[in-house]
Amino acid sequence: MDIESGGNFLLLGDRKGVRVYRIETGKVETTLPVQVTHVDAVAFCPDHEWLVVSGRNNLHFWRWRDQAEVNTIYAGRKVDYLKFTPDGQYLAEGPDTRKDIQIRDMRTLKVIASLKVEVLSLIHI
């Protein structure tokens with residue numbers, strides 16, 4: 001789950017799907033029409049441009065303002081954590097069992113860097 005930067009919405013993904021709740025009312029604002037049977041992580045972009053959902057080795061990218069799916073990308077690995085930079089230009093993905101973190105440029109949706117993390121390190125994203 002993730003809370004958008006303004007504190008108005010909560011993004012929740014589970015076996016029933018991916019939903020955005022309005023925090024003030026506790027009611028579902030929207031349900032993303034993405035077919036997922038398992039959700040590993042979700043994230044709101046701080047600039048309110050993107051929602052990202054990871055599940056079953058895929059990353060689903062949504063334009064929050066347009067309420068439209070932009071792309072589904074096969075990540076080739078399980079992505080347990082998603083975190084945007086404060087300006088929303090980059091997305092950190094990972095770690096997975098290989099313990100690396102990939103950095104994705106949100107303008108192109110391409111991975112621009114891979115950061116190796118020591119196996120015994122504790123990471124808080």
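**Salt bridges, pocket and sheet of a predicted model**

D100 counts as buried, with a relative accessibility of 3%; buried means under 20% relative accessible area, exposed over 50% and partly exposed in between, for a 1.4 Å probe and protein chains only. The model is predicted, so local features need pLDDT of at least 70 and side-chain atom pairs count only at pLDDT 80 or more, while totals for chains, interfaces and linings use all residues. Residues are numbered from 1 along each chain as its sequence is written, and side-chain values use heavy atoms, with hydrogens and water left out.

**Salt bridges**

- Seven salt bridges are found in a search of the whole structure, where the term denotes a side-chain nitrogen of Lys or Arg within 4 Å of a carboxyl oxygen of Asp or Glu.
- One of them joins the side chains of D100 and R77, at 2.9 Å from N to O.
- This pair links distant parts of the chain, 23 residues apart: D100 belongs to strand β11 (residues 100-105), and R77 to the loop between β8 (68-74) and β9.
- Strands (E, at least two residues) and helices (H or I, at least four residues) are DSSP runs, numbered from the N terminus.
- R77 is also buried, at a relative accessible area of 3%.
- A salt bridge with an N to O distance of 3.2 Å connects D80 and K78; D80 is partly exposed at 27%, and K78 is partly exposed at 41%.
- D105 and R107 form a salt bridge of 3.0 Å, N to O; D105 is buried at 9%, whereas R107 is exposed at 56%.

**Largest pocket**

- The largest pocket has a volume of about 270 Å³.
- Its lining comprises 18 residues, and those closest to the centre are D2, V42, A43, L82 and K83.
- The elements giving two or more residues to this lining are β1 (2-3), β5 (41-44) and β9 (82-84), with β5 giving the most, four residues.
- The lining consists of twelve nonpolar residues, one polar and five charged; Ala, Val, Leu, Ile, Met, Phe, Trp, Tyr, Cys and Pro count as nonpolar, Asp, Glu, Lys and Arg as charged, and the others, Gly among them, as polar.
- A pocket is an open set of points on a 1 Å grid over the protein atoms alone, where a 1.4 Å probe fits, with protein on both sides within 12 Å along at least five of seven lines; lining residues have an atom within 4 Å of a point.
- Grid points are joined across faces, edges and corners, and a volume is the space filled by probe spheres set on the points.

**Four-stranded sheet**

- An open sheet has the strand order β1-β2-β3-β4, with antiparallel pairing; two strands pair if DSSP finds at least two bridges between them.
- β1 and β4 (27-32) are the edge strands, each with a single partner, so one side of each has no neighbour in the sheet.
- β1 pairs with β2 (residues 9-14) in the antiparallel sense over two bridges, and the bridge partner of I3 in β2 is L10.
- β3 (residues 17-22) and β4 run antiparallel and are joined by five bridges, with V18 opposite L32 in β4.
- β3 and β4 form a hairpin with four residues between them, and G26 in the turn has a positive phi of about 75°.

**Surroundings of A68**

- A68 lies in strand β8 and is partly exposed, at 30% relative accessibility.
- Not counting residues up to four places away in sequence, A68 touches W62 and R63, contact being heavy atoms within 4.5 Å.
- The C-alpha atoms of A68 and P33 are 9.1 Å apart, although 35 residues separate the two along the chain.
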